[in-house]
Amino acid sequence: QCYDNSGQEPDYQLKIPVPNMEEYQRFLLNKITRIEGVIGVHSSFVLRKAIDTTALPLTYARKVPG
């Protein structure tokens, strides 16, 4: 997944599923940093899933009788 962000840095945010840190490093060094115009990379990693749902409480969208 790739997100084009507005506002402060980062300009783009990528979600890169890799099996381990060695593969992430290989991907970062062999792919991302070789893209023309990439002048910096900031990485962060998921430690655990606190909430894993996309459902929203859309109670306001229920049809009102009448």
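Helices (H or I, at least four residues) and strands (E, at least two) are DSSP runs, numbered from the N terminus. With those terms in hand, the protein has one helix and two strands, and its pattern, read along the sequence, is β-β-α. This is a predicted model, in which local features need pLDDT of at least 70 and side-chain atom pairs count only at pLDDT 80 or more, while totals for chains, interfaces and linings use all residues. Residues are numbered from 1 along each chain as its sequence is written, and side-chain values use heavy atoms, with hydrogens and water left out.

**Surface and burial**

- Of the 66 residues of the protein, 5% count as buried, where buried means under 20% relative accessible area, exposed means over 50%, and partly exposed lies in between (1.4 Å probe, protein chains only).
- The protein exposes about 7000 Å², of which carbon and sulfur atoms supply 54%; accessible areas come from the Shrake-Rupley method with a 1.4 Å probe, and for residues only the protein chains shown count as cover.
- Leu14, Ile16 and Val18 make a nonpolar surface patch of about 200 Å², and patches are made of residues with over 30% relative accessible area and no salt bridge, with like charges joined within 9 Å and nonpolar side chains (Val, Leu, Ile, Met, Phe, Trp, Tyr) within 5 Å.

**The largest pocket**

- About 1200 Å³ of space lies in the largest pocket, and of the 30 residues that line this pocket, the closest to its centre are Tyr12, Gln13, Leu14, Val41 and His42.
- On a 1 Å grid over the protein atoms alone, a pocket is an open set of points with protein on both sides within 12 Å along at least five of seven lines, and lining residues have an atom within 4 Å of a point; a volume is the space filled by probe spheres set on the points, which are joined across faces, edges and corners.
- Strand E1 (2–4), E2 and H1 each supply at least two residues of the lining, and H1 gives the most, with four residues.
- The lining divides into 19 nonpolar, eight polar and three charged residues, where Ala, Val, Leu, Ile, Met, Phe, Trp, Tyr, Cys and Pro count as nonpolar, Asp, Glu, Lys and Arg as charged, and the others, Gly among them, as polar.
- His42 is found in the segment after H1 and counts as exposed because its relative accessibility is 74%, and His42 and Gln13, though 29 residues apart in sequence, are 9.4 Å apart in space, C-alpha to C-alpha.

**Salt bridges**

- Side chains of opposite charge can pair when their charged atoms come close.
- A salt bridge is a side-chain nitrogen of Lys or Arg within 4 Å of a carboxyl oxygen of Asp or Glu, and by this rule the count comes to two.
- Glu23 forms a salt bridge with Arg26, with the closest N and O atoms 2.7 Å apart, and both residues lie in helix H1, three residues apart, about one turn of the helix.
- Glu23 counts as partly exposed because its relative accessibility is 31%, and Arg26 is also partly exposed, with a relative accessible area of 44%.
- Asp52 and Lys49 meet through their side chains in a salt bridge (3.3 Å, N to O), and both Asp52 and Lys49 are exposed.

How values were computed
On a 1 Å grid over the protein atoms alone, a cavity is a set of points where a 1.4 Å probe fits but cannot get out, and a pocket is an open set with protein on both sides within 12 Å along at least five of seven lines; lining residues have an atom within 4 Å of a point.
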